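Open your viewer, get ready to select residues by number, and follow along stop by stop.

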Amino acid sequence: MKRYKTTQLPVLFLCFLRCISYLFILLVSCPIVGQEKQKKELTVADYKLWSSLNPQKISDKGNWISYALRYESVTDTLFLKNATSKATFKFPQAYNESFYEEQWFTCQTKDNKLQLQNLSTNAIEEIPNVKRYAFTKNGKYLILFITAADTNSKLVVRNLKNKKIQTIDNVSKWLMNPNGNALVYFTTSKNAKSVSLLFLQNDLETISLIKTPDYNFNNPVWQEEGKAIAFLKQPLRKSKNDVQLKNQLVLYKLADKKGYTLDPATHKNMPLTMNIVVSSWNGITISKDCKRVIFGIQKEVSYAPFDRQAVQIWKADDKSPYPEREIIGPRDLLPHTYVWWPETDRIEQLSDDTFTEVMLNGNQTHAVTSDFLAYEPQFKMNSDRDYYITAMATGHKKLLLQKHSGLSNNILVSPGGKYISYFKDKNWWVYDILNDTHKKVTASIKAPLDNVYHDRGEDAFAYGNPGWSTNDKTLFIYDSHDIWEITPDDAKAKRLTNGRENHIVFRISEQQELQKRKQNYSGFTNGTIDMSAPLLLEAIADDFSQSGYYLWQNSKGLCPLVFEKSEISNLLKAAKAPVYLFMQQKFDLSPELMLKNGNEGKSTLFFKSNPHQKKYYWGTARLIDYTNASGTRLKGILHYPANYQPEKKYPMIVHIYERLTKYLYDYTNPSEYSRDGFNVTNLTSQGYFVLSPDISYTLGNPGISATDCVTAATKAALAIASINPKKIGLIGHSFGGYETNFIITQTNIFAAAVAGAAWTDLTSAYLYPGLNIGKPDPWRFEYHQLRMKKSLFEDPDSYNRNSPVLHATNIITPLLGWNGAKDIQVPYYQSTELYVALRRLQKRHILLVYPEEAHDLDNPMNQKDLTHRIEDWFAYYLKNEKLAAWMLPDGQQELEFNQLSKK
């Protein structure tokens, strides 16, 4: 053994310490292999890993939650998860799920199998051939509609406690009543058709209403509280005993167990040429008191209203232009609305060939009708009209509003039937039906009630009128930030929220069906808001930097539930407990489901989608500020490239439409499939900045306004981030495509551009007949998105000044255009006009035309094709990558094209 002298020990010890120090420094400066895995670049092959998260349902007490994951390339899956134990069950290709309290969970699969899970035992039973199902209100029965290829359809009533089953064969249709304690069903056999009621209390009880071999039955409708049922009785042959048979309307009242039938063939006040119908224009409505039935009739014709081979006659002074008549049909063939009093067999007409549009007040005692062609020809999308109100009891009709806005949101009926609210002269008014009085109810509110950002030729949209409290006691109104409660008789207004001071926009979160606005023939009935219960509110910062939900209670006022610097959405509340589920996301945070138990305290993570994202480099997003030439302060979103390194210079793509900052926190799955070829995550993962600026417009100068705002936003981005000013691209679709085409005629700061489905010539576009809706397109220019305000003939200079094709000679930026050949919203000839201009001017341009596509691309193969061609385009011009083969001109080599493109 070698011995060391004592004088050597300090030296050796110092050497040892140095080695230990070097090792420590090495360990600190260099992570241990496996301690932190290196992130990787996202590739197209990885896109298939991503799914979209959809929160679905929450059980009554919040113990169970269902959510779905939707994939582009693999089976979609529905999940059921326990909120406490985290026990999870999955159901591939399942949908239409529901809970019955905390006892049962059901869902259907695409092959019509019903999955029935007992939430106490977690036992799952599979029942085949179930087309529809429903629970009774008491939870005692499960109703199954069984259809199989080799048997007749049948209704199965299953006792969930003892599994006892009652089967009703040959059922063609059925409908549960709103109370969930009875249903009507129709049966069809060789010898007879029948209608029966099944009562679903502790014991089952069946009542047979009609049985006949001569009629079929269809279109069942329950009164809103389940007190009566109405349906059509349709003859199986045209005549009997020399009487032309027609559809009959049947009403059955449950309280007195009595039925009534309206037969148009024998009723003295029914037109002989018309028949009772159910259509998208006219359904069947039973009044709240069950005394009236409102229904539609339509002229019977044996010919096609439009002969496709005959000459078309387009008259300039027609109230309805030929293409519109072709879409909606001749006015004399539109349904008319009637009201029937079954007990006296009296009927009255409510609408006709002129007054075709109708809506009912909330308790169906009055009808509001209008003629949407009254002031035609005119050039608004939703034409002004006169509204008349008819009292059904007397038939008395009088003028309600003259030359009022045709926007459906600008006239609404209260759910209790007492009032009609309407927006006029930047204020909300209320018409008291009983007292025949009009009152401006928002005169005391000084905040703006219509869109402060409005910059179109039409009147600004009202922020809204979401509903009334119970029994029409008070009306709720939105301003730009807050919610107001107003008493209609004395117009006293109470502000419920403090959004204006805190720069938060509050809106009512419609959690219950009762709170939602309902379709009412040609209009809408407002929702009912129960102020005795806590009211859930959506909240979003007015600069979109925060979002969430608040709770409003009479006793406590306004209290936050969740309000974060992220996108908070899709709130679900348990019906019988203060348990909340919501979704949270950011551009770099894949959507998460968060669970909150109680009105206070923190939320906890329940489920995180796409956890594999952490393995990849990912971009980020931030708001930027800028000012346009007129001094308007604006914002935009600047998305940073994945694995951003400030010392490098990056290319940037500017994506434009109108105002886009509301998408600040949107998480976007990487994908090859997009209807307009644009995917911000794809691009940031490929090393691009992506800028999405807000645009403010001056009437008469849409293109010039866009140029001003977009260039200002681009300069602001260049000032704060490491962007190569010579490698900036521009992209837009539809109106954004128009803006793209115009901007590159005004500035050369963009190295490449992509414009999809774009207007290029405002003169020819103005004169387009509007085949998508049948209304000529001047409304788009004078009152809508193109913001010209004046007609082409009043101000042709503005149309010329803002038309890209007329400034095509200024274009230096290489342009890729694309269109669907069957686009009738922005006809593809708009793109071909610019193509011809650029071809004649020998500019750099390629146009892609997809033969079977319309305004957006629906075919997945075409979506994939466009996505990759756009990426090829920008890769060549912004990243100096190799020219894609499809970009080469016919008969030329790559070198020759490269030389040509640099001239």
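Buried means under 20% relative accessible area, exposed means over 50%, and partly exposed is in between, using a 1.4 Å probe and protein chains only. Keep in mind that this is a predicted model, where local features need pLDDT of at least 70 and side-chain atom pairs count only at pLDDT 80 or more, while totals for chains, interfaces and linings use all residues. Residues are numbered from 1 along each chain as its sequence is written, and side-chain values use heavy atoms, with hydrogens and water left out.

**Stop 1: the whole chain**

Show the protein chain as a cartoon. The C-alpha trace spans about 125 × 85 × 65 Å along its principal axes. Of the 903 residues in the chain, 54% are buried.

**Stop 2: aromatic rings**

Rings of Phe, Tyr and Trp (its six-membered ring) pair if their centres lie within 6.5 Å; planes under 30 degrees apart count as stacked, over 60 as edge-to-face and the rest as tilted. The whole structure holds 40 aromatic pairs. Select F99 and F105: their ring centres are 5.1 Å apart and their planes lie at 50 degrees, so this pair is tilted. F99 is buried, with a relative accessible area of 15%, and F105 is buried too, at 0%.

Now select Y697 and F735, another tilted pair, with 5.8 Å centre to centre and 55 degrees between the planes. Which parts of the chain does this pair tie together? Y697 is in the loop between β54 (689-693) and α5 (702-720), and F735 is in helix α6 (residues 735-746), so the pair links parts 38 residues apart in sequence. Is Y697 buried or exposed? With a relative accessible area of 7%, Y697 is buried; F735 is buried as well, at 0%.

**Stop 3: charges over rings**

A charge sits over a ring if NZ of Lys or CZ of Arg is within 6 Å of the ring centre and within 35 degrees of the ring normal. Select K81 and F606: K81 lies over the face of F606, 4.9 Å from the ring centre. Then try K424 and W429, where the charged end of K424 sits over the ring at 4.6 Å from its centre.

**Stop 4: a buried serine**

Go to S509, in the loop between β40 (504-508) and β41. S509 is buried, with a relative accessible area of 4%. Contact means heavy atoms within 4.5 Å. Leaving aside neighbours within four places in sequence, S509 is in contact with Q515, L536, L537, E538 and Y549.

**Stop 5: a loop alanine**

Finally, select A123, in the loop between β7 (114-118) and β8 (124-127). A123 is partly exposed, with a relative accessible area of 44%. Not counting residues up to four places away in sequence, A123 touches L116, Q117 and N118. Draw a distance line from A123 to P235, 112 residues away along the chain: their C-alpha atoms are separated by 47 Å.

Terms used
Helices (H or I, at least four residues) and strands (E, at least two) are DSSP runs, numbered from the N terminus.
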